[in-house]
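I opened my notebook to go through this model one spot at a time. Here is what I looked up, in the order I looked.

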Amino acid sequence: MNQKTDFKLLFCLIVVAVVWGTTYFGIRVAVETIPPWYITSMRQGLASLIILCILLYKKELSWIGWKNFKYQFVPAILMIVIANGFTTIAEKNVPSGLTSILSALSPVVIFIGSILFGLQKPSIKGFIGVIVGFLGVVFIFRDGLGAILEPNYKTGILFLSIAILSWSAGTVYSKMHIHKSNNIALNLFYQFAIAAIIQLFLALIFSPNVDVSLWSFRSIFATLYLAIFGSVLAFFCYLYALKRVTAIQVSILNYINTIIAVFLGWLFLDEVITSDFIIATALIILGVFIINYKKKEIQK
């Protein structure tokens, strides 16, 4: 056991855990009146403008070169356009609590991906965790497997599954390449700008005749919250933490994300928390905990 406590790292981990726990609720509120791709394009567009102002103020705006641009383009597509975009679409039909619980499986996928790409050693403990986590998902649908056949619900789960896989792939990719560039803010500016442009095109394709007058203040405010806190602050903290600990350790934060999201969905959106839901949540969290728990946790 090493070490002096890294308070900056600790702060970043807490921010990611708490803020991303609230974004499931924020997305659910935003999609009440705003089409999903408009939410994501405005969210990332505003985030890129905020970071642009910061970079201009600090005189750090510059071209990162084509090689580093490629390193930013891949996570921009995987983590922001696909994962973020598809999660937003899924929450049109899937409750925020259920979305967050299924998203808590991403550490399981990250664990498997980390083994495949040599970032993590395989272990019996890890595979037991995978099984327990998937038992949790099965338990969620124990009495309602037939509901998956309902078209809207089925589509939401499909989009969410793609989002989980894409986020996990982006996290593993970022961990493999994150040491190649030090300016997190500059990298995020390019990622958000790339994502915002692509998502705006998708918004115009899938919702060409949008009526802005129908957008509620509540949904617009939620989108602003997602941009400032869910994108700028939380993504910066996530990448900062990813530079200092393993992809698996950062993914532990999905435990707290899930608990906060389920609680907020129950408190503000009248989403029902049943005993089955609580047991399923406990199984998923237990599975991810088994995978990640070590006596020696964070190293520099």
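**Entry 1: around Ile-178.** I listed the contacts of Ile-178 (heavy atoms within 4.5 Å). Setting aside neighbours within four places in sequence, I found Leu-239, Leu-242 and Lys-243. Ile-178 itself sits in the loop between helix H7 (151-177) and helix H8 (184-206). Is Ile-178 buried or exposed? Its relative accessible area is 15%, so Ile-178 is buried. My cut-offs were under 20% relative accessible area for buried, over 50% for exposed and partly exposed in between, with a 1.4 Å probe and protein chains only. I also checked Tyr-71, 107 residues away along the chain from Ile-178: their C-alpha atoms are separated by 8.4 Å.

**Entry 2: ground rules.** A reminder to myself that this is a predicted model, in which local features need pLDDT of at least 70 and side-chain atom pairs count only at pLDDT 80 or more, while totals for chains, interfaces and linings use all residues. Residues are numbered from 1 along each chain as its sequence is written, and side-chain values use heavy atoms, with hydrogens and water left out.

**Entry 3: the whole chain.** How many helices and strands are there? I count 12 helices and zero strands in the protein. Of the 300 residues, 53% are buried. Taking contacts between residues at least 6 apart in sequence, I noted that 92% join residues at least 24 apart. The protein exposes about 14700 Å², and carbon and sulfur atoms supply 73% of that; the areas come from the Shrake-Rupley method with a 1.4 Å probe, and for residues only the protein chains shown count as cover.

**Entry 4: the cores.** Next I looked for nonpolar cores, meaning sets of buried Ala, Val, Leu, Ile, Met, Phe, Trp, Tyr and Cys residues joined through side-chain atoms within 4.5 Å. The largest has 44 residues, and Ile-51 and Tyr-238 have the most contacts inside it. H1, H2, H3, H7, H8, H9 and helix H10 (247-251) each supply at least two residues of this core. A second, separate core of 18 residues includes Ile-34, Ala-203, Ala-222 and Leu-269. I then listed what Tyr-238 touches, not counting residues up to four places away in sequence: Val-16, Trp-20, Met-79, Trp-167, Thr-171 and Val-250.

**Entry 5: the salt bridge.** I asked for side-chain nitrogens of Lys or Arg within 4 Å of a carboxyl oxygen of Asp or Glu. By this rule the count comes to one salt bridge. Which side chains form it? They are those of Arg-218 and Glu-32, at 2.9 Å from N to O. The pair links distant parts of the chain, 186 residues apart: Arg-218 is in helix H9 (residues 217-244), and Glu-32 is in the loop between helix H1 (7-30) and H2. Arg-218 is partly exposed, at a relative accessible area of 43%. Glu-32 counts as partly exposed too, at 39% relative accessibility.

**Entry 6: Ser-219.** Ser-219 is also found in helix H9. At 0% relative accessibility, Ser-219 counts as buried. A polar atom of its side chain lies 2.9 Å from the backbone oxygen of Val-29. Residues up to four places away aside, Ser-219 touches Val-29, Ala-30, Glu-32, Thr-33 and Ile-34.

**Entry 7: Asn-68.** I moved on to Asn-68, in helix H3 (residues 65-90). Asn-68 counts as buried because its relative accessibility is 12%. Beyond neighbours within four places, Asn-68 is in contact with Ser-181 and Asn-187. The side chains of Asn-68 and Asn-187 are joined by a polar contact of 3.3 Å. By that I mean a pair of N or O atoms within 3.5 Å; within protein, one must be able to donate a hydrogen and the other to accept it, and residues adjacent in sequence count only if both atoms are side-chain atoms.

**Entry 8: helix lengths.** Last, I checked H2 (residues 36-57): at 1.5 Å a residue, its 22 residues should span 32 Å, and its end C-alpha atoms are 32 Å apart, which agrees. The expected span is 1.5 Å times one less than the number of residues. Lys-59, which follows H2, has a positive phi, near 55 degrees. At the start of H8, a side-chain oxygen of Asn-183 reaches to within 3.3 Å of the backbone nitrogen of Ala-185.

Conventions: Helices (H or I, at least four residues) and strands (E, at least two) are DSSP runs, numbered from the N terminus.
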